[in-house]
Amino acid sequence: MKFIINREQLLLPLQQIVSVIEKRQTMPILSNVFMKLTADNLELTGTDLEIQILANIKIDHSSEPGETTIPARKLLDICRLLPSQAEIKFEQTNDKMKVLSGRSRFSLSTLPAENYPEFSETPLEYQFDINAGMLKMALEKTVFCMANQDVRYYLNGLMLNISNSKLRMVASDGHRLSVYENELQSPTGYEARIIIPRKGVMELLRLLDDPETDLSVQFSSNNIKVVIKNIIFSAKLVDARYPDFNKVFLQDFRNPIYVQRQILKDALTRVAILSNEKFKGISIEISPNSLKISAHNPEHEEAEEELFIEYQDELTISFNAQYLLDAVSNMDSELAVISIASNLSSCIFEEPVAQPYRYIVMPMRL
């Protein structure tokens, strides 16, 4: 195996691949990047057996085809520290890969390509196209609600629902839930639900750096594959059924409260400073034309903010301050619309004009 490549061609795909590779591996070869060279194409692959990223790079210079695996992080560090636009020459001799650039010389140990584990993938039955900007927005509006290492493992991921031409993404940690809904460019003709695991969601979000790109998404009940320019992202799915979240929207709600989003966000941020550090609890007291936010902590410190609202009802309810801040921070409109369930069991945050994003948070006891 022998080829020459420009540093800039190699650096970005290598960074994208290394992010998938776990630092501690049970199989040493999984710490390596798989390299396969044909006449004019270099294929780089990294995997942790749950997620795989494959990059294709066009090679201009004459080369000797072959395949091998090289320590991924060491190769990335070498490329990162070489001068900008440097030409890098790779030459494989037995079980060593020489990396040459200018006056720099490196020799890396390789492991045989035939020992690199194959990423198991079932036939992908469903397919749809989506703009990268829309997919990125859908992920950004929901990822923060995903659970982390919850025993209800279906919550440690994000639910993707395709219903003909409608895209819906849902994430929840059991205390709050975010929903993003939008229309796809063309109808798909099928109904399907899958759960993408947490790490897969975070890696996919990291790859969506160009909002103008059109993506091809393929999936089955076990796998998902997303083609992003010269990158192919694959992940195994969570084998579970996502709970029916629609019941939350079907209950009775009090009249909606309209409040300036930025003013509410600033008030919540200030009051949260003196909330209990562990539980982040704040109280919201609503009376005619007034919304009062207050907090106290074990050191007997207190904070209070009062906002003007056009509202006549009276109620008191408590929430985790961070959950409310996440809700208002992810809105794009100037006004936030807050609807509290009649039995005070939940609260919906949405925007005044029909927007694709809704957020639900459960109250807490203080």
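Start by selecting S19 together with strand S20 (residues 302-308): the two run antiparallel and are paired over 7 bridges. Keep in mind as you go that you are looking at a predicted model.

Within this pair, pick Ser294 and look across to S20, where Glu304 stands opposite. Next, follow the chain through the hairpin that links S19 and S20, with 5 residues between the strands. Stop at His300 in this hairpin, and you will find a positive phi near 65°.

Now go to the other neighbour. Select strand S18 (residues 281-287) and strand S19 (residues 290-296), an antiparallel pair with 5 bridges. Which residue of S19 is the bridge partner of Ile284? Highlight Ile293 to see the answer. S18 and S19 also make a hairpin, this one with 2 residues between them. Click on Asn289 in its turn, where phi is again positive, at about 65°.

Which strand gives the largest share of the negative patch? That is S20, with 3 residues.

Finish with Glu314, which sits in the loop between S20 and strand S21 (315-320). Is Glu314 buried or exposed? Glu314 counts as exposed because its relative accessibility is 56%, and the cut-off for exposed is over 50%.

How values were computed. Residues are numbered from 1 along each chain as its sequence is written. This is a predicted model: local features need pLDDT of at least 70, side-chain atom pairs count only at pLDDT 80 or more; totals for chains, interfaces and linings use all residues. Side-chain values use heavy atoms; hydrogens and water are left out. Two strands pair if DSSP finds at least two bridges between them. Helices (H or I, at least four residues) and strands (E, at least two) are DSSP runs, numbered from the N terminus. Buried means under 20% relative accessible area, exposed over 50%, partly exposed in between (1.4 Å probe, protein chains only).
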